[in-house]
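User: Hello! I would like to learn how to read a few features of a protein model, one at a time. Could you walk me through them?

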Amino acid sequence: MTPAPETSLRFGDFELRSHERRLLRRGEPVEVGGRAFDVLQALAQQPGRLVGKGTLMDLVWPGLVVQENNLAAQVSALRKVLGGDVIATIPGRGYRFAARIAAAGDTAPAAAPAPPALKTNLPAGLPALLGRGAELAELGAAIDRGRLVSVVGPGGIGKSLLTQHVLAARRDAYEHGVCWIELGGLDDAAALPGAVAAALGVHGGHGDALAGLMSAVSALRMLLALDNAEHLLDDVAALCRALHDAAPGLRLVVTSQAPLRLPNEQVFRIGPLAVPDAALPPAKALLYGAVALFVERARAVDRHFQLSDANTAAVVETCRALDGLPLAIELAAARAPLLGAQQLVVSMRDRFTLLTRGRDRGAPGRQRTLRAALEWSCELLADREKQMFRHLGVMAGSGSLALIRNVLVEPGVDEWGLLDALDTLVDRSLVALSGDDDEPRYRLLETPRAYALECLAAVGERDALQLRHALAVASMFDAAYDEYFSGRVGVDDWLHRREPDLDNARAALHWASEAGETELALRIGATMLRALPPSLHIERMALADACEAAIAPELREPLQQKAWLELSCVLADTQKARARRAAERALALARRLDARQPDRFTLYHALCRAASAAAQTDDLPAARALLEELRRVEDPSWPAQRLLWGCEASQWVARMDANTAEALRLGRRLLALDRERGGNASIPAGNLIDAELAAGDAGAAARLGGELVEALRGTRHEYGLTFARINLLAALLAQGEVVQARAVAQAAWSKAPAFDLQHAAAAYLALFCALDGRPRAAVALAAYSEAIYAAREETRERNETEATNRALSIGGRALDDAELARARAEGAVLRDADVAAIAFGGVCA
């Protein structure tokens with residue numbers, strides 16, 4: 001190793017003197033081996049930074065060929081001296097010096113880059129695509145030719161990686177970008193529209209999920225990939241047909257083991273990687289995709305591996321025996337450095353004979369090959385690695401390192417040994433690694449996970465592991481819930497960070513519910529109510545029903561209180577009376593708990609929700625009393641994430657009390673608080689437009705509305721855009737800008753029914769028709785809007801009331817009593833589908 005400069009690095013009780021090649025603890029020398037010292041020095045000179053295993057080995061053993069387990073042995077020796085917290089293992093990536101360096105010149109690692117504005121869901125770093133250059137170009141050309149392409153082939157053939165590379169290459173080619181959506185973990189076909197909406201980051205509204213998704217994507221111009229569709233083939237086909245019809249700017253690519261069989265579908269079949277038919281020199285053999293992948297994967301495990309005259313024939317024979325299947329080749333190649341290419345062929349050939357004998361002869365040959373390769377690879381693992389592999393089967397989707405630790409580490413278990421085992425599984429291609437260096441995530445692919453669960457059941461460990469998984473998820477979500485209201489993390493960032501663990505939460509919740517672990521299920525479910533995006537409206541409502549049914553007096557009161565509070569929030573938009581009942585129960589519990597809380601936020605939050613719910617159900621006396629109480633509890637030093645709830649409650653009371661000046665002031669403060677807490681602020685901005693209009697400043701409302709519409713245009717936030725357009729329409733009509741209002745009205749109405757906003761939009765459509773000289777249409781649309789409000793038992797807000805009354809007044813002056821009555825009667829029974837023709841097409845009701 002190159003001599004280090006004369007430096008002294010201090011961390012904790014230790015001092016590393018590079019120039020003396022000495023390690024001291026509290027001033028006394030500590031004996032460590034020379035290679036271990038070199039490892040420590042290499043890591044300590046880059047505190048906080050990930051150092052890859054290959055880089056570290058080159059620093060410690062320059063020019064030498066050594067086995068990678070030598071590095072793990074040196075790190076293990078250092079941990080016995082330093083303790084377990086100084087050197088962190090990042091399985092599959094390398095090591096990081098985690099202790100704080102007290103020496104001068106210490107710098108913090110660079111901040112992580114901001115996430116992209118448009119979600120892609122693509123892995124942070126894609127593995128190289130070897131041997132697929134022609135297919136990459138052909139698939140891109142197929143997408144350019146048509147709007148629906150199915151990439152078809154057996155499991156393990158490389159469909160997903162090829163499609164991911166196509167998306168990555170085209171992420172800037174479409175106005176709304178590209179998006180990768182995994183369907184493998186989705187079991188319920190009814191959840192398909194919501195899952196797509198959530199992956200896109202759009203809001204499908206509170207009505208029919210499919211209709212809401214169609215509305216949310218209808219104006220998007222982007223490339224969308226649906227991965228692993230074969231288990232829901234008919235339902236995915238129906239969804240693709242609907243997307244194709246509703247969104248002309250959308251291009252779809254689907255990966256599946258079978259085609260969708262749609263009339264407009266292009267089927268792109270992907271075959272195995274090319275394998276030489278005969279012995280070739282190494283340079284020529286590397287031109288074949290299967291051989292190139294084998295060598296690349298072997299070199300990932302041992303960077304000194306080379307294709308040579310001595311091993312080329314064995315490598316080619318291995319690739320041929322594996323039918324050119326990429327995943328099977330990766331599994332085998334990961335063993336090549338340890339076994340040697342010749343021994344690898346012998347070991348695999350003998351084992352495959354046993355594994356494939358007696359298997360289901362109806363299964364495709366390549367499927368049997370992949371299964372045999374997987375079983376053979378697992379049989380070569382050490383006992384600790386086998387245990388880690390099968391235990392990972394309880395992970396749904398991917399898991400963070402923290403979650404894996406919490407599930408798998410038991411008292412008395414060597415935590416670092418488990419992480420070393422995970423590192424080995426990544427090296428052996430049994431575990432896939434994604435995410436960035438700071439937040440890596442680990443997952444078993446579909447076929448390995450199915451096998452791991454079989455192994456888990458076979459040794460009788462499945463129930464115990466699923467309980468540990470559910471407990472770990474519940475603890476993770478409990479901590480996340482507290483973090484949400486702490487103000488330490490932005491609200492949008494919090495939601496983004498919860499998203500990767502929703503599959504684990506769903507799996508844990510399902511198991512806990514089936515196992516009768518009611519409290520465990522409610523702990524997970526209560527936080528899920530906050531973490532699920534609005535686009536998953538059907539799932540949120542089903543979860544709300546399940547949580548409400550699970551709340552029982554024997555459960556811990558803090559958990560009951562949290563569940564009722566979250567129910568009040570989720571139900572507030574669509575079931576206001578039920579939301580108020582939930583808020584009142586949350587408040588009753590909060591009053592009992594108040595004396596036991598470290599601060600009074602629990603009571604404050606419940607008061608806020610109860611006040612908002614009372615105002616929204618038109619009980620202003622109760623709302624005012626609750627508002628006075630919450631103001632006495634409020635702590636002005638709290639972060640914006642807490643204070644926002646009181647501001648929201650105050651604004652609801654002001655709006656429903658027709659106190660326009662106060663509503664305007666609070667609307668401005670609410671917008672500032674939402675931005676301060678890290679929200680996107682589109683809904684508070686829309687409410688502020690409403691408040692400006694109610695205060696009589698239609699010009700300010702129109703300016704803010706125009707700005708918000710432009711800010712949301714080109715994003716995927718069609719829900720917020722629809723709100724903004726309705727508010728802009730109201731402002732334009734208040735100024736008498738009927739011509740300019742037409743286009744805004746048409747755009748707003750095109751999305752309003754899907755987002756369950758037709759009652760609000762129709763109030764302004766009625767005024768639009770009245771100002772446009774069509775009084776009969778105005779009266780009908782006003783009656784249509786009133787009928788929806790009545791059916792929902794909701795109180796109209798001031799601006800909508802004034803718009804409706806003004807439309808009816810204009811219509812009443814133009815129509816006689818009989819005609820007015822007929823128009824109102826006909827409007828009260830209008831269907832959503834009839835509205836556009838009446839409002840814009842010249843049809844009279």
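User: Is Ser-429 buried or exposed?

Analyst: Happy to start there. This is a predicted model, where local features need pLDDT of at least 70 and side-chain atom pairs count only at pLDDT 80 or more, while totals for chains, interfaces and linings use all residues. Residues are numbered from 1 along each chain as its sequence is written, and side-chain values use heavy atoms, with hydrogens and water left out. Buried means under 20% relative accessible area, exposed over 50%, and partly exposed in between (1.4 Å probe, protein chains only). Ser-429 has a relative accessibility of 11%, so Ser-429 counts as buried.

User: Where does Ser-429 sit, and what is its phi?

Analyst: First the general idea: most residues other than glycine have a negative phi. Ser-429 has a positive phi near 65 degrees although it is a residue other than glycine. It lies in the loop between helix 18 (415-427) and strand 14. Helices (H or I, at least four residues) and strands (E, at least two) are DSSP runs, numbered from the N terminus.

Arg-26 is also not a glycine and has a positive phi of about 50 degrees. Arg-26 belongs to the loop between strand 3 (22-25) and strand 4 (28-30). With a relative accessible area of 65%, Arg-26 is exposed.

User: How do I read strand pairing, and what is the order of the open sheet of three strands?

Analyst: Strands of a sheet pair through backbone hydrogen bonds, either parallel or antiparallel. Two strands pair if DSSP finds at least two bridges between them. The open sheet here has the order 13-15-14, with antiparallel pairing. Strand 13 (399-400) and strand 14 (432-434) are at the edges with a single partner strand each, so one side of each has no neighbour in the sheet. Strand 14 is joined to strand 15 (residues 441-443) by three bridges, and Leu-433 has Tyr-442 of strand 15 as its bridge partner.

User: Which strands does strand 7 pair with?

Analyst: One is strand 5 (residues 50-52), which runs antiparallel to strand 7 (residues 94-97) and is joined to it by three bridges. Val-51 stands opposite Tyr-95 there. Another is strand 6 (residues 87-90), paired with strand 7 in the antiparallel sense over four bridges. Ile-87 has Phe-97 as its bridge partner in strand 7. The hairpin of strand 6 and strand 7 has three residues between the strands, and Gly-92 takes a positive phi near 85 degrees in this hairpin.

User: How about helices: at what angle do helix 1 and helix 3 pack?

Analyst: Two packed helices are described by the angle between their axes and the distance between the axes. Axes are lines fitted to C-alpha atoms, for helices over the stretch in contact, and angles run from 0 to 180 degrees between N-to-C directions. Helix 1 (residues 34-44) and helix 3 (residues 69-82) pack at about 80 degrees, with axes 9 Å apart. The two are therefore roughly perpendicular (angles under 35 degrees count as roughly parallel, over 145 as roughly antiparallel, 65 to 115 as roughly perpendicular and the rest as oblique). Residues in the contact (heavy atoms within 4.5 Å) include Val-39 and Leu-40 of helix 1 and Val-75 and Leu-78 of helix 3.

User: Which side chain makes a polar contact with that of Arg-390?

Analyst: A polar contact is a pair of N or O atoms within 3.5 Å; within protein, one must be able to donate a hydrogen and the other to accept it, and residues adjacent in sequence count only if both atoms are side-chain atoms. The partner is the side chain of Glu-461, at 2.8 Å. Arg-390 is in helix 16 (residues 383-391) and is buried, with a relative accessible area of 17%.
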